[in-house]
Amino acid sequence: MRALVISKRFIQPLVAAWAVLTLSACVSMDAHREATPDPNARLDKMLALYEQERESGSACAELWKAYSATTDCERILNEVERLSVEFPRNARILLASAVMQYEAGRGENAQLILDNLLTMPGSHPEAALLRSKIAMQEGSTTRARAVLEAQILLAPDYAELREALAATYYLEGKYGQAQRALSIAGRLGAPGWRLSYHQGLIREAKEDWTAACGLYAMALEQRPDFREAAARLVGLSHYEDCRRLADRRR
């Protein structure tokens, strides 16, 4: 169980960008379609509505997580699903639909959409990240790695793919390979605070407590509001070196 918790912490930062695709609004869909025939513009309008909801502290994702999705949320989800049927080769719409399905707890639907999207020409790194996350949550690191490696060939400079690849190795206890993947991600521009945190998790898994806490502290220096790193540092504060680092932050 401990390994599962750490694993979730390892891959959680990889999906921060996906949250922006969840939608919430109260609109007349028929009027919306008539006023905005262009599919990307229709999606843009809903994303803008979601941003308004985020600013007010409300979002469909929160409602779904509480198992109390409203009619408005369902209408938005259904509208994006309708868009994906109308425009089955529009990668941006398919990704938005997959993310919404995933956020609504409908992982199988999201998986089908993503598998379809990943067969389309071109690179689709965001789709690969979500597809690999679903595979890892299902316990299939082999499938996750296959998806990521295929996309790395198409988008070799996309740092997040390397971070996700590191996660698959981490879950399998292949820490050297995980560290090498993170090093490549760093050279490609992955943020230092995230790399330090992930390296810290690897060191912690290897029971190198001092090094782990030093890396968590480094992540916090780069991003003081990084709660996960702060929690790991406090969680290891029964070790003297970690306690000293944790005390410095108080």
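The dialogue below works through several features of a predicted model.

Me: Before reading any detail, what does the protein average in pLDDT?

Reply: The pLDDT is the predictor's confidence in each residue, from 0 to 100, and here the protein averages 82, with 74% of the residues scoring at least 70. Over residues 1-8 the pLDDT is below 50, and this stretch has six contacts beyond near neighbours in sequence, a contact being heavy atoms within 4.5 Å. Over residues 11-27 the pLDDT is also below 50, and that stretch has 51 such contacts in the model. Residues are numbered from 1 along each chain as its sequence is written. In this predicted model local features need pLDDT of at least 70 and side-chain atom pairs count only at pLDDT 80 or more, while totals for chains, interfaces and linings use all residues, and side-chain values use heavy atoms, with hydrogens and water left out.

Me: Is Gln-101 buried or exposed?

Reply: Buried means under 20% relative accessible area, exposed over 50%, and partly exposed in between (1.4 Å probe, protein chains only). Gln-101 counts as buried because its relative accessibility is 2%. Gln-101 lies in helix α6 (residues 91-103), where helices (H or I, at least four residues) are DSSP runs numbered from the N terminus. Leaving aside residues up to four places away in sequence, Gln-101 touches Leu-77, Glu-81, Arg-106, Gly-107, Asn-109, Ala-110 and Ile-113.

Me: At what angle do the axes of helix α8 and helix α9 cross?

Reply: Axes are lines fitted to C-alpha atoms, for helices over the stretch in contact, and angles run from 0 to 180 degrees between N-to-C directions. The axes of α8 (residues 125-137) and α9 (residues 141-154) come within 8 Å and cross at roughly 170 degrees. That makes α8 roughly antiparallel to α9, a term for angles over 145 degrees. Among the residues making the contact are Pro-125 and Leu-129 of α8 and Val-147 and Leu-148 of α9.

Me: Which residues touch the most other members of the largest nonpolar core?

Reply: In soluble globular proteins, nonpolar side chains tend to be buried together. A nonpolar core is a set of buried Ala, Val, Leu, Ile, Met, Phe, Trp, Tyr and Cys residues joined through side-chain atoms within 4.5 Å. The largest one here has 37 residues, of which Leu-161, Tyr-197, Tyr-216, Phe-226 and Leu-233 touch the most other members. Helix α10 gives the most to this core, with seven residues, whereas a second, separate core of 13 residues includes Ala-110 and Met-120.

Conventions
Helices (H or I, at least four residues) and strands (E, at least two) are DSSP runs, numbered from the N terminus. Angles under 35 degrees count as roughly parallel, over 145 as roughly antiparallel, 65 to 115 as roughly perpendicular and the rest as oblique.
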